[in-house]
Amino acid sequence: MNWSFKKIGLILLVLCMAFGLAADDSVFIGDGDVGSLKLYDQNGQPLDATMEAAGDIGEGWIISNPGSDVLIVTPVGTVNLYQDSIAITTALSRDDIVITLVRGKATFRATGLDGGSLTVETPASRYTLTESGEIFVVSSDNEESVTVFSGTIDSYNLITGQSSTIKTFEKLHMQDMSRASQEVESGYYLTYGILPTVASATKAKEEKGLRPAAPASTIQIAKTPSFKAVTVTKMAPPIPVPEAVSTPAEPVMLEVNVAEEHVTGPVAIEPQIVVAITPIAVPDMPSAPHVSIASQEAEEVAEPEQAAAIPPLPSFAKVSRQLIEEPVLQEERLDVPAIPIFTAVKATAIVTEPEVPTLPSVPAVPILAKPTIQSVVSEPVSAPIAAPVRPALASSADQQRQSGIIGLEAGYEFTLDGTNSNTLNHRLYAKPYFSKGPFAIRLNGFIETEEFTSFPNSILPVPTGTLNLISYLFTYIDHLRIGYETSPFYLVADQTRSLRSDLSTFFAPSFGQEGRLVLQNKITVGAFTLLSSVDDLRVAGLSGGKSQFASMLLQFTAPKGYALTIAAGALAQVQTAPNRIDLYPLLSFKLPIITNRTTNFSALIQAQGYLPAYPTIDFSQFVDTSLPSFFPNYLIGAGLTLNQGGFSAKMMASLNEGKNHNYLVNSFTYSNLDIRYNSMVDLLAELGWHGKQVAASFALNLPLTSSFGLASLTADGHGADFSQLSVEVKVADVTVTLGLQQLGIISTIKGIGDGSIGALDLLSGPHASSYLGIGYTWAPFTFSAKATYPAKNSSFTVPIISVTAKVDVNKRL
């Protein structure tokens, strides 16, 4: 027993390490408002802005971000796509990434090229980084430019065919026919760099051999305020003042010089300082005069390491917002002891008249420039200004801004049912759908016939009886969604079980679409999450005298410190023949071992019980003090779970007694097959992969008896081991699906070997289920064919064969 368990555990661990800990080549949204994104796949079809889609961006996708900046993470670096931009993931190979910036602006930072490249394309240009570096690209109706913050790039003009090399702290306007790049200052990097710091800007300029700019965020305070005499000199000719500036009827331009003479009263200087501006004259507009203020005090200058990136602040009412040129930081001292001092920058100040009776009124001076740093200081304070904080990755409060879609899917389906005497069926169906933000619904209606003598449909007749009426009403629902998976409230009804928890082993992984409308709900409040599900809203199981299942699981994850998760819940099994409800209570723990952005590796501990709840509550089945173990029915297990990129794995070993086992709910549960068995230990393993073109899952549960052999079904002696494989491959417009599910595959293989059963029992029969399908999409048309051996408590040789042709027409809202 011990050696068998060690071998199985070693095999699973090797698989986990081989597949799960591989390099992460995924491209995903690492920061920003996911809910406000507009996403389109390589065929231009709209995608829901969910965390799942944002966590695995595909090649050829279109990304539009009208709501916020987003940070895109790639294997070779990061991209900060500024708000209201459009980008396309043109090529996403492991070593060579190509991003097309259709419109807007973005900063691209390459850090892990390792012989590869990062290429940025716009409608007019192409820029290539072959070494680590950072560039800022603008592509709009008014500007086409690239700025290099670090490294060197090759620039190519797609219109003129000219190419050039741009170096660190240089900017090239592509419309400049001279192809001459211009040097930029540190302030440009501090504004548009990805996580910029003054220290990194200084280092980059030193490596380039430039004189580093002085820190722009240092505020120096005069030790002792003093009063100044102000000499005002009128300058001619007068310069007209723009409308944005409120001035007297006859504006005058003033040159203000501050001298070291004390006066009887304080000089009133408006504490409005526009820093880091060099006004540039433009045609038909006056160049603003420079007003200088000089002093002999305040000799200390803060170290560059003390400075921080300064966010843009609101502009003053007296400053014109008309942009002339990008701001340039220059190294020059500004010391005014009477007010807090900005040092190591060149400044243009707005000065009003000091309250001295002999001096005339001093109007405001217009500044025709775009300020990058502005401050109003009322008290002497010395502190760095914090860098701006990017928005957190979360669902948006503006989900309604996501564009909606309305459409109709209509088609014809032909079916040959080999499980029902080769019956032929013709069906016409229509599925209107609507999706807008957090709400989506798809309805279903049909009419069908077998011999063209009668035409059953989804409308008439209306059935009688409670269960039949419930089934009739929910037949009209093909899909329903309220909220997103990342929302505090999320509800979805679909034919697949999409919400699964590592903290329980009640349900086997989904196996294709089996015709049940599964309802799932997730509610998150702080550190608590409530997961609930009903396995079939159409209550086909109850109507056919079979079982119906529902579950509820309340999870708590510690919000601080060690992120331990505790879950408590139960699985409910409901039957109508006879009427009874059985509960399987659950308590489980998840202990994180490795938790980061790409890898989650945790230990699991799980305990289950059994409690008949209706028509009577029998606590003796849950706890019996007369037994040595106190629990007549139980499952106690421990294991590991791993999620890394598109790979997932889970393995558990559990001690069992009585009615508790893994995978209590699987496809064979609904086929009226008695799948009860007795075992001492269950070994469970799950492997999954979800890539851009291939998705696959494998599940295995091996029940072992006290004699270390495989357990058998109590009813017929067939092997009780459960195995399942599902594969989906997408290549261009072709999709191929394959599934195989078995109870007792080891017994089946032995029977085929000794000739007691046929090879078809691997695919069909009471202990097997399988399907094979292929589909081709030629938008808006889709053609598909599928052969299915369903889980059914009978033997048959011909599968259910269906051929479908459908059209999908829709309109964006």
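This is a predicted model: local features need pLDDT of at least 70, side-chain atom pairs count only at pLDDT 80 or more; totals for chains, interfaces and linings use all residues.
View 1. In the pair shown, the ring centres of Phe549 and Tyr670 are 6.2 Å apart and the planes stand at 85°, so the arrangement is edge-to-face. Phe549 belongs to strand β32 (residues 547–557), whereas Tyr670 lies in the loop between β38 (647–657) and β39 (681–690); the pair therefore ties together parts that are 121 residues apart in sequence. Both Phe549 and Tyr670 are buried.

**View 2. The tilted pair of Tyr584 and Tyr610**. The two rings form an aromatic pair with a centre-to-centre distance of 5.4 Å and an angle of 50° between the planes. Tyr584 is located in strand β34 (residues 579–595) and Tyr610 in the loop between β35 (599–609) and β36 (611–614), so that the pair links distant parts of the chain, 26 residues apart. Tyr584 has a relative accessible area of 6% and is buried. Tyr610, at 3% relative accessibility, likewise counts as buried.

**View 3. Charged side-chain end over the ring of Tyr610**. Tyr610, the pairing partner of Tyr584, also has the charged end of Lys659 over its ring, 5.5 Å from the ring centre.

**View 4. Charged side-chain end over the ring of Phe446**. Here the charged end belongs to Arg427, and it sits 4.0 Å from the centre of the Phe446 ring.

**View 5. A cluster of aromatic rings**. Tyr82, Phe136, Phe149, Phe169, Tyr188, Tyr189 and Tyr192 are linked into a cluster by ring pairs.

Terms used:
Residues are numbered from 1 along each chain as its sequence is written. Side-chain values use heavy atoms; hydrogens and water are left out. Rings of Phe, Tyr and Trp (its six-membered ring) pair if their centres lie within 6.5 Å; planes under 30 degrees apart count as stacked, over 60 as edge-to-face and the rest as tilted. Helices (H or I, at least four residues) and strands (E, at least two) are DSSP runs, numbered from the N terminus. Buried means under 20% relative accessible area, exposed over 50%, partly exposed in between (1.4 Å probe, protein chains only). A charge sits over a ring if NZ of Lys or CZ of Arg is within 6 Å of the ring centre and within 35 degrees of the ring normal.
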